[in-house]
Amino acid sequence: VKEIDKIKKNRDERRAKISQPLDEEVDHGHPNWEFAQMIQDYRRDLNIQPLSDSETVRDHRICVCVRKRPINRKESNKRILDVLTLPSKDHILVHEPKLKVDLTKYLENHQFRFDYTFDQHIPNDVVYKYTAQPLIRTIFDQGVATCFAYGQTGSGKTHTMGGEFEGRDQQYSQGIYAFAARDVFDLIASPKYSGENLSVHCSFFEIYGGKVFDLLASRAKRRVLEDGKACVNVVDLKETHVTGVGGVLAAITEGSRCRTSGQTSANPHSSRSHAVFQIMLRKGRKLYGKFSLIDLAGNERGADTQSANRATRLEGAEINKSLLALKECIRAMSMNASHIPFRASKLTQVLRDSFIGEQARTCMIATVAPGQNSVECTLNTLRYADRVKELGPDAKPAPPLTTESDLAYMHQSLRSQGDDGENVDMFNFHQAVDMLQEAEDSLVEEHQQCIKENKDYLKQEEAILNRMEKDVDYDVEDYAKALDVILHQKINRLKNMQDKLQKFRRQLSNEEEISKTLRKKK
């Protein structure tokens, strides 16, 4: 009863905020008061009808929605303007402040349409109701469901997926992860499924720099392998059997502590990796259904591909490539294309099942910051989401498959759509980064094998040396032959490692040259 009263109180407060008049007096002492007045005048002519939590939840195979976060304290102190307006349940407007050549100020108003738009007053539970909750039934129908949170650092992705922050601590019980887990356990206990003997398991891993790290196993590196039937597996990924929501929250808490983060101007602990939390239903050992919930890396990091620092550049290239590949896979899925380029990035390769088959369902939540200082990133986020599910009549079909490389196919598709950021140089750069990563993985694997074999060789050498020194009847020719075999094997192994090292250094130089070309053209 207390919980119901709390929900009712929150709903009443939310409605009161929404009903506040939009024609409040503009502060003429504001440094951007003229733009503020223009935005206010524009809004005054609109019939604002935001999404209500009483709206019917529609069924989508692919659902794309946008969530606007409120102006935060830091932005408020800097007197940042709110330049986003959500006039209806499925539209969003961006009021971009601009200057003419004669310094006359004006607004360029950009309009986008999505399946749902959530304003700053809508809490996580309502966002969940229209996005991830409809996908729960999919996994109980033995399907694969996927929910992504996409946007710039600080726009509310982690808040949406993981829950609200109280100081530095995140309340995981109030995020989409926890809401989904709660509904899964409620359905398992329902009469329809209680006799199915289903068990719930979860895994949590991150993809950083094209590599997979298990967040439930102290961030151990894992290999991704594909068999002859194109089934993709993350080898030795830890799966935790959970019996209630508490077990899921414990796994999320453990994994979140290990996740790779870094500092940006927008957020001192911004995400530099894609975090993939998976809830799996099993019947015995057989997979029954799977729900992947993904907190993507900040999309502004994809612009770091032209940095002079190699580590930053490679990190940005991998994020940029994976986000482009994700967009192309979802678009191909929505158009029932004959080919889905899931091998174009590690993220889409791992999520291959999310794009294949009639029982696959996907939802993307694009999170946007409201401030004028974030207009460029906000427009990039909205344009990306718009391309994911082209709701207009001008959607172009996927191009025919003319190449064996999914990376090349992805860039071919982007060019056919007239993507502004797409060019041959960017394809060459992504290809160079892929080749560099392959060369690095091959070298590291060879080095590890060399160290392992050296330990065995050392034991063999000690054995023949002991026999040589202690056995008076030991044949010195046998000693020489045994040592020669060992040395020959060690030399071959070292030569293989040297060849792979040289190849790796060539790929380093190649990536450096191509990135210089990109920086010059910028």
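Analyst: The answers below go from the whole chain to single residues.

User: What should I know about the numbering and the model before we start?

Analyst: This is a predicted model, where local features need pLDDT of at least 70 and side-chain atom pairs count only at pLDDT 80 or more, while totals for chains, interfaces and linings use all residues. Residues are numbered from 1 along each chain as its sequence is written, and side-chain values use heavy atoms, with hydrogens and water left out.

User: OK. How many helices and strands does the chain have?

Analyst: The chain has 14 helices and 19 strands. Both are DSSP runs numbered from the N terminus: helices are H or I with at least four residues, strands are E with at least two.

User: And how much of the chain is buried?

Analyst: Of the 522 residues in the chain, 48% are buried. Buried means under 20% relative accessible area, exposed means over 50%, and partly exposed is in between, with a 1.4 Å probe and protein chains only.

User: What share of the contacts is between residues 24 or more positions apart?

Analyst: Among contacts in the chain with a separation of 6 or more, 70% join residues 24 or more positions apart. A contact means heavy atoms within 4.5 Å.

User: Let's look at helices. How do α9 and α11 pack?

Analyst: Helix α9 covers residues 310-334 and helix α11 covers residues 375-388; their axes are 8 Å apart, at an angle of about 30°. Axes are lines fitted to C-alpha atoms, for helices over the stretch in contact, and angles run from 0 to 180 degrees between N-to-C directions. So α9 is roughly parallel to α11. The cut-offs are under 35 degrees for roughly parallel, over 145 for roughly antiparallel, 65 to 115 for roughly perpendicular, and oblique for the rest.

User: Which residues meet there?

Analyst: From α9 there are Leu323, Leu326, Lys327, Ile330, Arg331 and Ser334, and they meet Tyr384, Arg387 and Val388 of α11. The residues of this contact of α9 with α11 are 5 nonpolar, 1 polar and 3 charged. Here Ala, Val, Leu, Ile, Met, Phe, Trp, Tyr, Cys and Pro count as nonpolar, Asp, Glu, Lys and Arg as charged, and the others, Gly among them, as polar.

User: New topic. Where is Asp115?

Analyst: Asp115 sits in the loop between β4 (105-113) and β5 (116-118).

User: Buried or exposed?

Analyst: Asp115 is buried, because its relative accessible area is 7%.

User: What does the side chain of Asp115 touch?

Analyst: The side chain of Asp115 makes a polar contact of 3.4 Å with the side chain of His60. A polar atom of the Asp115 side chain also lies 2.8 Å from the backbone nitrogen of Val64. A polar contact is a pair of N or O atoms within 3.5 Å; within protein, one must be able to donate a hydrogen and the other to accept it, and residues adjacent in sequence count only if both atoms are side-chain atoms.

User: Where is Arg222, and what is its side chain doing?

Analyst: Arg222 is in strand β11 (residues 220-222). A polar atom of its side chain lies 3.1 Å from the backbone oxygen of Asp236.

User: What is the phi of Asp236?

Analyst: Phi of Asp236 is near 65°, a positive value in a residue other than glycine. Asp236 lies in the loop between β13 (232-234) and β14 (240-242), and counts as exposed because its relative accessibility is 60%.
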